[in-house]
Amino acid sequence: MILIAIIGLMSIIFLQTNIVNHSRFDNNFCFLNDSDNSVSFAEGMNFIYEVQLSKVRTLEKWTIPIRIKYEGDPTKEDIDVLNQIIKDFNKINGFPGMKIVNKDENVLLIYAPKEALPEIQQKYNLTNLTIDKGVCQRFSENGEITQAIIVIESDIDQNTKNSVVLHEIFHMIGFYGHSYDNASIINHIGEPIPKLSAVDTLSFRMLYHPEISIGMEYHEINAYYQEKELAEFMND
Ligand SMILES: [Zn+2]
């Protein structure tokens with residue numbers, strides 16, 4: 001009886017470990033979402049307008065490689081998540097690329113417990129921002145994003161934290177505001193989402209496409225995509 005109980009318990013433990021190990025980082029996992037064929041350029045344009053162009057009027061993005069230095073108390077999974085985001089985002093055509101560096105960073109990513117946040121806000125002059133699990137402050141010059149600071153509350157639940165990091169990195173690359181689309185990684189209610197939505201992913205591709213430049217206005221970007229076929233664009 002006891003033996004059966006022990007075997008039963010062991011298999012539960014084994015099953016649990018398996019679930020934890022394979023839930024996110026199996027070989028097929030990707031933070032991008034290209035699986036939904038029903039998305040359209042019109043949805044992408046609405047999203048880009050909602051979260052960026054309605055705030056800055058002309059298009060902004062990174063053109064230089066993003067060099068992320070992290071500090072604080074990230075877990076091993078935090079680093080795995082960061083590496084996976086970098087790997088997946090670097091697949092986007094026209095994106096200047098991200099990598100992790102030890103110095104000469106243009107993005108500082110700080111993992112810190114809640115109690116340390118007020119001091120960090122003071123130090124980096126983020127005092128006008130409220131940190132709710134995470135925050136991203138960007139700096140841009142003539143439409144070119146050149147620097148950012150991201151702060152992540154390190155002592156929250158790991159799955160939530162993974163989503164918060166993805167959310168803040170998505171803000172960092174140029175999607176400034178929040179969306180009323182609840183499937184979006186930057187949804188307005190702050191609901192944790194495991195990966196980008198199909199519209200997030202298409203909008204990312206549209207923003208960074210090499211033919212789309214800094215300073216372009218909504219109508220110019222829209223005119224470009226009205227001439228394009230989605231299927232052909234995805235294979236670019
Ligand atoms: Zn946000």
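User: Where does Glu60 lie in this model?

Analyst: First, a caution: the model is predicted. Glu60 sits in the loop that joins α2 (41-56) to β1 (66-72).

User: Is Glu60 buried or exposed, and why?

Analyst: Count the C-beta atoms around the residue. A residue with 20 or more others within 10 Å is buried. Glu60 has 21 other C-beta atoms within 10 Å, so Glu60 is buried.

User: Which residues does Glu60 touch, beyond its neighbours within four places in sequence?

Analyst: Glu60 is in contact with Gln52, Ser140, Gly143, Ile145, Gly174 and Ile214. Now compare sequence with space. Glu60 and Phe175 are 115 residues apart in sequence, yet their C-alpha atoms are 9.2 Å apart.

User: How do I read such contacts across the whole protein?

Analyst: Take the contacts between residues at least 6 apart in sequence. Of these, 71% join residues at least 24 apart. Buried residues account for 30% of the 236 residues.

User: How many helices and strands are there, and in what order do the elements run?

Analyst: There are 8 helices and 5 strands. From the N terminus, the order is α-α-β-α-β-β-α-β-β-α-α-α-α.

User: Now a strand residue. Is Tyr70 buried or exposed?

Analyst: Use the cut-off again. Tyr70 belongs to strand β1. Tyr70 has 20 C-beta neighbours inside 10 Å, so Tyr70 counts as buried. Leaving aside neighbours within four places in sequence, Tyr70 contacts Leu82, Ile100, Leu109 and Tyr111. Glu105 is 35 residues from Tyr70 along the chain, and their C-alpha atoms are separated by 9.2 Å.

User: How do I check the length of a helix, say α5?

Analyst: Helix α5 covers residues 158-172, which is 15 residues. At 1.5 Å a residue, α5 should span 21 Å. Its end C-alpha atoms are 21 Å apart, so the two agree.

User: Is α5 mostly covered or mostly open?

Analyst: α5 is mostly covered, with 12 of its 15 residues buried. Among them are Val164, Val165, Leu166, Ile169 and Phe170.

User: What do the buried residues of α5 pack against?

Analyst: They pack against helices α3 (76-89) and α6 (198-208). They also pack against strands β3 (107-112), β4 (134-141) and β5 (144-153). After α5 comes Gly174, with a positive phi near 135°.

User: How do I describe two packed helices?

Analyst: Give the angle between their axes and the distance between the axes. Take α2 and α7 (residues 218-226). Their axes come within 10 Å and cross at roughly 160°. Angles over 145 degrees count as roughly antiparallel, and α2 and α7 are therefore roughly antiparallel to each other. Their crossing is right-handed.

User: Which residues make the contact between α2 and α7?

Analyst: From α2 come Phe41, Met45, Tyr49 and Leu53. From α7 come Tyr218, Ile221, Asn222 and Tyr225. These divide into 7 nonpolar, 1 polar and no charged.

User: At what angle do α2 and α6 cross?

Analyst: The axes of α2 and α6 cross at roughly 80° and come within 9 Å. The two helices are therefore roughly perpendicular. Phe41, Glu43, Gly44, Phe47 and Ile48 in α2 meet Val199, Leu202, Ser203, Met206 and Leu207 in α6. That contact has 7 nonpolar, 2 polar and 1 charged residues.

Methods
Residues numbered from 1 in each chain as written. Predicted model: local features only at pLDDT ≥ 70, side-chain atom pairs only at ≥ 80, totals over all residues. Helix = DSSP H or I, 4+ residues; strand = E, 2+ residues; numbered from the N terminus. Contact = placed C-beta atoms within 7 Å. Expected span 1.5 Å × (residues − 1). Axes fitted to C-alpha atoms, helices over the stretch in contact; angles between N-to-C directions. Parallel < 35°, antiparallel > 145°, perpendicular 65-115°, else oblique. Left-handed = near helix turned anticlockwise from the far one by under 90°. Nonpolar A, V, L, I, M, F, W, Y, C, P; charged D, E, K, R; others polar.
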